[in-house]
Each structure stands twice: as C-alpha cells, then as structure tokens.
Amino acid sequence: MAHIITIGNQKGGCGKTTTAVNLSAGLAVLGKRVLLIDMDPQGNSSLTFGINIEDLHISMSDILLDDNVHFKYNIFSKGNIHIAPSNPTLNYAEERLHTMEGKATRLKEKIGEVESNYDFILIDCPPSIGILTTNALMASHWTILPVDVGFYSLVGIKQYLARIEDVMEQNKNLKILGILVTMYNERNNISREVMAKLKGSFKDKVFNTAIRRDIKLTEAPGHLQTAIEYMWRGRGSSDYLALSNEVLKRV
C-alpha cells in the first residue's frame, strides 16, 4: 500500500506547493509510482503540470462531494507522475463538506479506490487548517511541514502542530515525517537562527535536507515543469532529490 503524505502549513508562501510538485518528481525519478493530489482551490500544483484547471470535467470537488464519481476519473499523467487536479470549485466543496456526514473522511474513502496503484500519494493542501486540510490529514500516514526561514515561521508551526495533535486522536496512523526548512540561505543570520531554533525544539524531526533559495524553483512552474525537469543540476533540484532520498529512509 502507498505511503500517504500530507504537505501542509496554514501559513502561505512557505513552499508547500513547490515541495509537493518537486518531491513528487524526485520520488518518480527514484523509480516510485507517485500520485499527487491537489487539495488547494488555487490549483497551483495542477497548473505546474500543465493541466487546464478551467476546463476540468471532473475535479477534486466532484470526488469529495459525489459518491458516484470515482477517483480514477480525475487522474491525469505526466511522465511517471499522476495528478488529481483541483480548481476554485473546491471552495464550494469546502462549504458543502461541513453539512455532510463523515465530512472529515471523504478523501480517505476515495483514496482507498486507487491506493494500491501507488508507492506514494502526496497531498498538497491550502494555506489553512480547515476541513480540506483535515481531510488530507485524516487520510494520511505522514505529514511534512514546510517552514520558510522568516519571522512568523515558528508561530505557524505551533498552530499547525496543534491541529495535527487533534487529528491524531482520530487518525492513530498519522505521524510527523519531518519539518522541512525552505528558502534557506546559510549566509543569512535569520536563516541560521531559525534553523537553530527548529533543531533545538524539534530535534530529529527537522529534515537534514534544507531547501536553499533558488530562482529556478520560481521559474520552473512558468514553463509548466518541476524544477527537476527545468534545471536538473540546479540547487533546488539537488535539494529536492536529496529530500526524496531522505523521505525514503524515514518512511
């Protein structure tokens, strides 16, 4: 069965989607069968893989809301990676889910239809800790928490970890795979200070791999590519390949 990993943090701009698409690519390069589920109404993971989110006949909102729509009908492929795309209709699904029975386990039930087809299922979440992120955590075995090296990063960690603890009471299989430092610059004092605080507080929960600042990580989605496709030898690509290997050792 697949290792199901939620990539989440309620703070925006910390590298969730960048991590979701490039970790997916890195695991695929290492020979793993990967499904990336886009649970963000912005659909940025989907856009990175060249999916026209404005022209989807079926999206994650349909999967979550309609018992008669099967997960396999919302799977696109790009190379060795499969993608389950979303679009802004997921905002409507978020509203509807609050009125539904089993609202927090809808995604878990639907993933069960395809789980055996993959080694890894990664879930990209919105910058919030609402019902969509809760669905992702309830479906997962692991969670990765990307943290940018900024002033508010430690506050965001505490809020997200509090939500994880609540979900763990219901999903006994959920564990923290690691805290991932993103946008790291070893020459920058703030970067070093945040890294030191994280390792002081969370010890080995912090990944050994840190994702360094790299303009190629920003440029790649504009070319409808992951950074690993766009600039194989770049810093960002190297870091995400290192992270992929570290994930394989941790699961």
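Select Val29, Leu30 and Trp232: these residues make a nonpolar surface patch of about 270 Å². In such a patch, residues have over 30% relative accessible area and no salt bridge, and nonpolar side chains (Val, Leu, Ile, Met, Phe, Trp, Tyr) are joined within 5 Å, while like charges are joined within 9 Å. Accessible areas come from the Shrake-Rupley method with a 1.4 Å probe, and for residues only the protein chains shown count as cover. The model is predicted, so local features need pLDDT of at least 70 and side-chain atom pairs count only at pLDDT 80 or more, whereas totals for chains, interfaces and linings use all residues. Residues are numbered from 1 along each chain as its sequence is written, and side-chain values use heavy atoms, with hydrogens and water left out.

Remain at Trp232, which is found in the loop between α10 (227-230) and α11 (235-250). Trp232 has 44% relative accessibility and counts as partly exposed; buried means under 20% relative accessible area, exposed over 50%, and partly exposed in between.

**The whole protein**

Along the principal axes, the C-alpha atoms fill a box of roughly 55 × 40 × 30 Å. Buried residues account for 53% of the 251 residues.

**The sheet**

Next, select the strands. They form an open sheet of seven strands in the order β3-β4-β2-β5-β1-β6-β7, with mixed pairing; two strands pair if DSSP finds at least two bridges between them. Which strands stand at the edges? They are β3 (76-78) and β7 (175-182), each with a single partner strand, so one side of each has no neighbour in the sheet.

Select β1 (residues 3-7) together with β6 (residues 142-148): the two pair in the parallel sense over three bridges. Ile7 has Ile144 in β6 as its bridge partner.

**A buried leucine**

Select Leu137 in helix α6 (residues 131-139). Leu137 is buried, with a relative accessible area of 0%. Its C-alpha atom is separated by 23 Å from that of Ile211, 74 residues apart along the chain.

**Salt bridges**

Side chains of opposite charge can pair when their charged atoms come close. A salt bridge is a side-chain nitrogen of Lys or Arg within 4 Å of a carboxyl oxygen of Asp or Glu, and by this rule the count comes to seven.

Select Asp67 and Arg106, whose closest N and O atoms are 2.8 Å apart in a salt bridge. Asp67 lies in the loop between α3 (60-65) and β3, and Arg106 in helix α5 (residues 106-111), so the pair ties together parts 39 residues apart in sequence. Asp67 is exposed at 52% relative accessibility, whereas Arg106 is buried at 7%.

Then select Glu229 and Lys78, a salt bridge with its closest N and O atoms 3.7 Å apart. Glu229 lies in helix α10 and Lys78 in strand β3, so this pair ties together parts 151 residues apart in sequence. Glu229 is partly exposed at 40% relative accessibility, and Lys78 is partly exposed at 23%.

Methods. Helices (H or I, at least four residues) and strands (E, at least two) are DSSP runs, numbered from the N terminus. Buried means under 20% relative accessible area, exposed over 50%, partly exposed in between (1.4 Å probe, protein chains only).
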